[in-house]
Amino acid sequence: MKIKALVISWVLFLPFMVLSQGSYQKPPKEVMDVLNAPVTPASSISPARDKIVLLEPLRYPPISELAQPMLRIAGLRINPNTNAQHRQPYSIKVTLKNVSDGKETPVALPAGAQIVSPAWSPDGKYIAAGNVTPAGVELWIIDTGTAKAAKVKDVMINTAFGGFSWEDANTLSANLVPKKRGPAPPYRDITPTEPNIQETSGRTGVIQTFQDLLKSPNDERLFEYFCSSQIALIEANGKVNEVGPVGLYDNMTVSPDGKYLLVSRIQRPFSYQFPFSRFPKVIEIWDLEGRVVSRVANIPLQDNLPAQGVPTGPRQVNWIPTEPATLIWAEALDGGDPNTKAAHRDKLMKHAAPFSGSPAEMLKVEKRFQGRAFSEKQGTMFFYDFDRDTRRRRMFMTDYRDPANITMLSDLNVNDRYNDPGQPVTKTRNDGTTVVRQNGDEIFWIGTGASPQGDRPFFRKMNLKTKEVTEIWRSGTEEYESFAGMIDDRGFQFFTRKESLTEPSNLFIRQVCPPGETCTALAYRQITEFKDPSPELRGITKRLVTYKRADGVDLSFTLYLPPGYKEGTRLPTLVWAYPLEFTDGATAGQVSGSTNRFTQIGGTSHLFFVLMGYAVLDNATMPVVGDPLTVNDTFVKQIVDSAQAAVDKGVELGVVDPDRVGVGGHSYGAFMTANLMAHSRIFRAGLARSGAYNRTLTPFGFQSERRTFWEAPEVYAKLSPFFHANKIKDPILFIHGDADNNTGTFPMQSERMYAAIAGNGGTARLVMLPLESHGYVARESTEHTLYEMINWFDKYVKNAKPRETK
C-alpha cells in the first residue's frame, strides 16, 4: 500500500515538473521573412587594391551538420570524418569583382563546395582556400586574374589543429593530414581497458573551468592521431615540399628571408585539467630541410599559473618582420605573478641568425607586456603594457635596434573609448610579413572615434619625428562610415565602408584633398551595390537615450521602436544588457555604438521583439564601478540600480509600460538577468541564455573577478542566483546549448538553476538545444529559440495582468 501511495503522489506531481516534448518550432511569419531574406556577401579587398572578393556564406546550416561526429578533446572540437574543426563556417559562392569597372566574375568551384579560410596572397594574384568535403579539407588556389581555381593534388589540410597561410607571394605553409598514419583509435562504443587517473601533490595554480578536455588514455591517443600533421611548403603552382617529421605542431612560420622555420611542437605529458595551449611544448628553429638549428625554449606543462598571470620563459615568440631572421619574445621578470612586486614585469629578448650565440636583452617593460608592432622603415617598434590593478594600458614607441630612447604615446584606462588613439594601419609585404604602413616619416591610424554622440570612425596620420597627429578624415554625423583600406601611399585616397539608417553597408572609394593643394573634383565612388535584404525593417526607429543612475553615473541605451509606432503609446518592453566592470564613473558613462548604422537583424537576435510590437532598450548599460579587486562586492546593487534607471527613463519618455517590462541577456548577461530576477521585482519575466548561475562552480574566478571562492566565499554566494532561487517570484526562461564549450557556462548551470526554481515553486522553462554550443547556429535551433523567446514574453510580459497591489 505504501508503494501504491508513493506512485500516486509522484503521478500527481508530474504535471508540475514535466513538459511535453515536441518538434522544432518556427517563430511568427514576420520573423521568418527576415530570417529568410537574401544573404549579403562578405567582402575583402585585395592587397593589390584592384579587386574585391565576395563571399556568400551559408548563414544557417541545417542541424544535420551539427550532428556530424564530434571529438571533444584537449579544448578542441574535431570532426573525425574530415580531420577538421567541427562546424567550420563556410561560404557557398565566391565572386571576384574589379574595382576599376565593377565587373563581377564567379569563381568556378566544385558543386556543393564549402569554402573555408580564404586568404589573399601578399601580391593579390592568388587566393588560397579550403574546401570541406566528406573525405577531408582540400586546398584550392584561385588565380584572381582568370577567376579559375585549381586543387592542390594529393593533400588534405588538417584544420582540426592548424591550417594554411601565405609565407610569401608564391608560397603557402600548411599543416597536412599525414598520408601514412594508419587507422584511427576507436571513438565510439569503447569498452574501457583501464581507469582514468589523475594525481596532484603540493602544486598550486588557478584551474579554470575549461571544457572539452582529455578524459582518458584513449582521448590522448585520439588527440595525437587527429592533431598530428605534416608541415609542408606549397607553391602556387601546386608543388608540395614536405618539411620535417610528423608531429603535434601548434604553430609554424617562415623567417622573412625564407631560410628558416620557427616551429612550436606539443609533447607529452598531456593534462586532463587544461586545454592543449597549456601542454608542454618545444619551440625550435629549423632549416628548410627540417633540421633543428636552435632550440628557443622547452616549455613545461603550465599547470600552476597564478590568477591573471603568465608563464615563465619565452612567450609570444615570433620573427621581427623587418629583419632577415631575428626572433623576438617576452619573458617574465616577476615569475609571471601579478601579485609579486617588481620594478619591471617583463623583458623583451631577441636572437638573430645564425643563432649560435646567446639571446640578447632588448629592453625591460615596467608593466605586463601586451604586444608589439613594427613599422616598415627606420626600426620603429610600437609596444604596449598593461597594469592589472589600475586597468591602464600604455603605448610606447622606440627604435628596437637601439632602444635607449622610449617615447610613451598614450596612457589610458582600457575602457576609455573617447580618448582611444586607435591602432596603426598595417600592410602585408610580399615576404608575407605584416608591418605598420609608413610613408616617409608618417604612419596612419584608424579608430572607432567614440564620442558622446556615438561612434564616428576616424583616419589619421602621425609624424614619427614630431609625434604630431593630423586627422585626414572622419565619418559624418548622419551616417556611419569606416576606413577599409589604403589606395595611395600618402593616405588621401582610400576605401571605406559606408552605411546609414536607410542604406546597407557598401564599399566606397573616397578621396580627400591634401593640405596646401587645390582640388576641384574629389573622387567618391561606390564600389559594391548591396541592396536592402529586408525593407520591412526600415520602419523601425532607433535613437540614443542618455540618463543617470541614482549614484550619478551616466547611463545610456539605444531605443528601438516598432514600425508604425504612435508617439505616446506605452509598449511592452525588453531590456537587453550585458554588465561590464569599470574603475571610475567617467569611463563607465561613455557612450558606445552608433544609431546611424543600418538596422540588420538575424540569428537569435533580441531585436526581433521590435517586429512583434515591443520597445527594446538595447545595450542598456549596466556598469559595475569600483576597485578592480573588490568591484563585485556591490555588483547586485549596481545592476539593480542601473535596471531601475533604464526602466524609469523609458517610462519618462512615454514609451515603456512599467507593468509590462522584461529583461534578458546572453552569457554574463544571463547571469545578470537571473540576479535581477532574484533581487528585484522590476521585471515581469526574464530571458537567460547560456549563462552561469552558481559561481561556486567557477571557484578560481569569473569575468574580471580574480579572488578565489576560498578567499571571498560570501561574494561568490551573494552573486550566485542559484543561492537565491527561492527569491525568484517572476517567470524566467532558460535557454542553453547542450554542447556549450564556453569556459564556465556548462549546460549543467542552466539545468541546476531550473531545478532550483522548480523545487522552490517558481515559474520557469528550460530549453536545451541539442548539439549547440555557446551561440546557436543551426537553422532549426535559431528558429526554435526565437519561437521560445517570443512566446514566453507574449505570455508573461505583453499579455501580463497588472500586478496585485498590497
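How many residues line the largest pocket, and which of them lie nearest its centre?

Reply: The model is predicted, so local features need pLDDT of at least 70 and side-chain atom pairs 80 or more, while totals for chains, interfaces and linings use all residues. Residues are numbered from 1 along each chain, and side-chain values use heavy atoms, without hydrogens or water.

The lining of the largest pocket consists of 44 residues. Nearest the centre are Gln-208, Arg-278, Leu-305, Gln-308 and Gly-309. A pocket here is an open set of points on a 1 Å grid where a 1.4 Å probe fits, with protein on both sides within 12 Å along at least five of seven lines; lining residues have an atom within 4 Å of a point. The space in the largest pocket is about 930 Å³, the volume filled by probe spheres set on the points.

Strand E20 gives the most, with three residues. By class, 18 lining residues are nonpolar, 19 polar and seven charged; Gly counts as polar, and Asp, Glu, Lys and Arg as charged.

Elsewhere, the whole structure has one disulfide (cysteine sulfur atoms within 2.5 Å). Cys-513 and Cys-519 form this link, with sulfur atoms 2.1 Å apart. The link of Cys-513 and Cys-519 is right-handed, with 85° about the S-S bond.

Methods:
Helix = DSSP H or I, 4+ residues; strand = E, 2+ residues; numbered from the N terminus.
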